[in-house]
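Colleague: I would like to learn how the features of a model such as this one are read, taking one at a time. Could we start with how strands pair?

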Amino acid sequence: MSQKIIVDPITRIEGHLRVEVVVDDDNIVKEAYAGSTLWRGIETIVKGRDPRDAGFMTQRICGVCTFSHYKAGIVAVENALGIIPPLNALLTRTLMNAALFLHDHIVHFYQLHGLDWADVVSALSADPKKASDEAFKYTSNPYATGADKLLEVQQRLKIFVDKGNLGPFANAYYGHPTYRLTPEENLIVLSHYLECLRIQRIIAQCMAIFGAKNPHPQSLTVGGVTCVMDLLNPSRMGEYMSKFQEVQDFVNHAYYPDLVMAGKAYANEASVLNDIGVNNLFTFQEFQLGKNEWLFESGIIKNGDLSKVYEVDENKITEEATHSWYVDNEPLHPYDGKTNPNYTGLIDGDSIDHHGNKVNSKVFDTKGKYSWIKAPRYEGNPMQVGPLANIVVNYAKGNKNVVGVVDEFLKETGLPLDAVFSTLGRTAMRCLEAKIVANNALRAFDNLVENLKVDQTTCAPYTPDTSKMVNGEYRGRYMGHVPRGTLSHWCRIKNGVIENWQAVVPSTWNASPKDANGIGGSYEQCLIGLKIADVKQPLEIIRKIHSYDPCIACAVHVMDTKGNNLSEYKVNINL
Amino acid sequence: MVDYNQIESRLVALEKLPSLNSNSSIPKALEKAGFSRRDFMKWAGAMTAFLALPASFTPMVAKAAELADRLPVIWLHMAECTGCSESLLRSDTPTIDSLIFDYISLEYHETVMAAAGWQAEENLENAIEKYKGQYVLMVEGGIPCGDKEHYLTIGPHAKTGYELSKKASENAYAILAIGTCSSFGGIQAARPNPSNAQPLSKVTDKTVINVPGCPPSEKNIVGNVLQLLLFKELPALDVYNRPKWAYGLRIHDLCERRGHFDAGEFVQSFGDEGAKNGYCLYKVGCKGPYTFNNCSRERFNQHTSWPIQAGHGCIGCSEPNFWDNMGPFEEPLASHKFDTVFGLGADSVSDKIGIGVLTLTGVAIAAHAVIASMKKNEE
């Protein structure tokens, strides 16, 4: 007899996400549904506003990938109006973006995803001396894993556990049978978990040096950047460089070795292997390092066939809403996207709770609509986006920034290339992406310094190129790669204000509900066939979902609520 | 006025509360982490100054921090972007504030908690029950209300954000609305507010302390928790229920570019010579004269920077309805009837109020006077 498992809330993510699966008598997942349970409507709110305000508003889509939507909102307007920022501005944005990538990836691995791989309570029984020796197996220069340091970490954990109130760590899946790390390995990860709390503050400072603050930096403007004083101040530049190098060291001597360690330990754990999810991979060019030089390239791989990489055709992107809480179901290109909310709610049903009892619950109406996330498609097919797609596509294209790093990782872990198509692979490719960014982003820094010697311009004037106007309207878009995958923003500007805005974001691609053909996104597809060891503790589900680094506020977007007379908006000067 | 005796009696009362954590205290934990008593007292001194208390209060701030583990915290996520949680994670003075973070006994916080699904729901219910009347509720995000209430549901029973925040408010010892969204509705409540998002104060009848900002600095979040420990009563609040110690001054009052404002030296466009020389950003839209917050004093990310240092004007993010009232963010409020590059005046569509006749400086000064008198009248 089949039974339903609900995981809601999926915690340690951004936003509100629910996953439901149906398992058979052997606890093997037969059906899977992923849906978001929050709607905010930012694209509706942007309409009718000054185009220069759009970036500030789209930025508030997410405070985690807190630069991505800001940059996207600004670049989409620049693209529409034909405004070309100076090279100094483009390279400064690269440096801010590098800080974002490193921040997101390290915090994801340790604070958000780490507890899926490491059973921290088990670290209590570790031998710190042995653990210290263990760390040398994965790097010649281990980070914060001396025996004394590990003993101190262990004692700190002991105090915490002994007091009997685990606070945010309470009620987790400790002791779950699919944990694979030894107590010593868990202790190493715990030490890095605590170090990461410090390192994430430093890399956030790197963004704040040029961006004023983090989260939600405030130094981009349509046409360029505003932080000209920081760029012309050598001590400020040096501050970025030295802080960045400190984080680079953490990536190379803590994050990467831990990933190799986990890769080896989990190489025989079925629940994290062979689950590619959607095997169409989609990525887009990002990280401008110099005048005509980019770190990552664009491309598409179809059906997992690495022998051919296709060029991206933007006209083939559509979104539809057959199973999403919106009125209009037909596939539409983002420039013409419609999204009128049509909430039909959850329905009464039952599921297995954390005591193993069958209990009344609210469940998805899987025959009808069940998510605020729409279903983006490329040529009518779902795509997987994210670090896995980015690294694999670039590997297949022979990108010299990527190939060597991937080969080295496969050699060190002994994993075959096929193993990359998995939950383990998604987590590993994120680390490789961080490593590649950490070890290359300062090329943009060097080029910026060189360029500043001959050119100090940081901002182009806000002057539309009227030749770009068609039928009184400007159209433009941002497309690129952000920490969670391929992001695009599409805008139309008319009469000096935003006429229409659509964001097609990474988590929308991956967390997509089923489309009119009954085909789901990568979250749903990767869960099918998964065996759950203990239905009361569905750790395998959250481990798989976390491997995508879900960012759900981003995915929940919207449009055109008809009938709102946007032109009636008034500014109240008197506060 | 700060009452020394009041704090002292508050500390005595706190000491009598059952400890959540009898084996640990901040000083002990600090010792483990390699910090000396002197480091701790230095930090307490900084916090004292930060809370605008006299230096003689430093030992009491230290004492309050030592007792902080007796304060369970429940943090709820509503309609939001998680930026406020991220800001909390940036909390400064390494290790010490991450200790505070552990230390307040964070019972429920979806972004960091280990439990998920049923286990997470159980944690929330247990915490509300076990610490009834003792916990501090911190809410991030606007709350979908009325007929759009179901635009947010959480947990296997699909309770709405409205239900959950209302219930958690009923049993809280104190309620903090963290960020502009829970304080004033935020971005999702901006025109035309399609999800009918509302501030937390519309959900409960109890007093809500608003800690706005998009996001508020890490210091304003942590500082407010400490404030609650020091005073049994709520801190002094302004007309928008913001603590005066953090939101008592305008950005403009302590702005590093204020001298240029007074001298009439303005950036005319981003990247120009004035921008390179750090001139005032008023003419490119700075809302510092209309915005109450301590950014110009405290900055962000361990004092690394703040918007005006990075050459962009303040957008007014800690003021109610700033998304609708302060835009366009790169034009002065004074020239809302602005000539756009499109040649037809974008605000002929978006704004029917024109006050272009006033001179820029005149408006800024007039706004000072209006705000100041408004505050006085409403107090």
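Modeller: Two strands pair if DSSP finds at least two bridges between them, strands (E, at least two residues) and helices (H or I, at least four) being DSSP runs numbered from the N terminus. In this predicted model, β14(A) and strand β15 (residues 485–494) of chain A pair in the antiparallel sense over 10 bridges, and within that pairing A:Arg477 stands opposite A:Trp490 in β15(A). As for conventions, residues are numbered from 1 along each chain as its sequence is written, and chains are lettered from A and ligands numbered from 1 in the order in which they are written. Local features need pLDDT of at least 70 and side-chain atom pairs count only at pLDDT 80 or more, while totals for chains, interfaces and linings use all residues, and side-chain values use heavy atoms, with hydrogens and water left out.

Colleague: What is the strand order of the open sheet of 5 strands in chain B?

Modeller: The order is β2-β1-β3-β7-β9, with parallel pairing. In chain B, β2 (106–108) and β9 (209–211) stand at the edges with a single partner strand each, so one side of each lacks a neighbour in the sheet. Neighbouring strands of this sheet are turned by 25° against each other on average, direction ignored. Inside the sheet, 5 bridges join strand β1 (residues 73–77) of chain B to strand β3 (residues 136–140) of chain B, the two running parallel, and B:Leu76 stands opposite B:Val139 in β3(B). Helix α7 (residues 117–130) of chain B lies across β1 and β2 of chain B and runs at about 120° to β2(B).

Colleague: How should I read a crossing of two helices, and at roughly what angle do the axes of α4 and α7 of chain A cross?

Modeller: The angle is read by class: under 35 degrees counts as roughly parallel, over 145 as roughly antiparallel, 65 to 115 as roughly perpendicular, and the rest as oblique. The axes of helix α4 (residues 87–117) and helix α7 (residues 183–211) of chain A come within 9 Å and cross at roughly 155°, and α4(A) and α7(A) are therefore roughly antiparallel to each other. The residues of the contact (heavy atoms within 4.5 Å) of α4(A) with α7(A) divide into 19 nonpolar, 7 polar and no charged. In that division Ala, Val, Leu, Ile, Met, Phe, Trp, Tyr, Cys and Pro count as nonpolar, Asp, Glu, Lys and Arg as charged, and the others, Gly among them, as polar.

Colleague: Is B:Thr82 buried or exposed, and what is B:Thr82 in contact with?

Modeller: Buried means under 20% relative accessible area, exposed over 50%, and partly exposed in between, with a 1.4 Å probe and protein chains only. B:Thr82, in the loop between β1 and α5 (83–89) of chain B, is buried, because its relative accessible area is 1%. Leaving aside neighbours within four places in sequence, B:Thr82 has contacts that include A:Glu14, A:Gly15, B:His77 and B:Glu140. By contrast, A:Trp294, which lies in strand β8 (residues 293–296) of chain A, is partly exposed at 30%.

Colleague: What should I look for in the backbone?

Modeller: Most residues other than glycine have a negative phi, and most peptide bonds are trans. Phi of A:Ala212 is near 80°, a positive value in a residue other than glycine, and A:Ala212 counts as buried at 0% relative accessibility. A cis peptide bond joins B:Arg191 and B:Pro192, with omega about 0°, and the bond from B:Cys214 to B:Pro215 is cis with omega near -5°.

Methods: Axes are lines fitted to C-alpha atoms, for helices over the stretch in contact, and angles run from 0 to 180 degrees between N-to-C directions.
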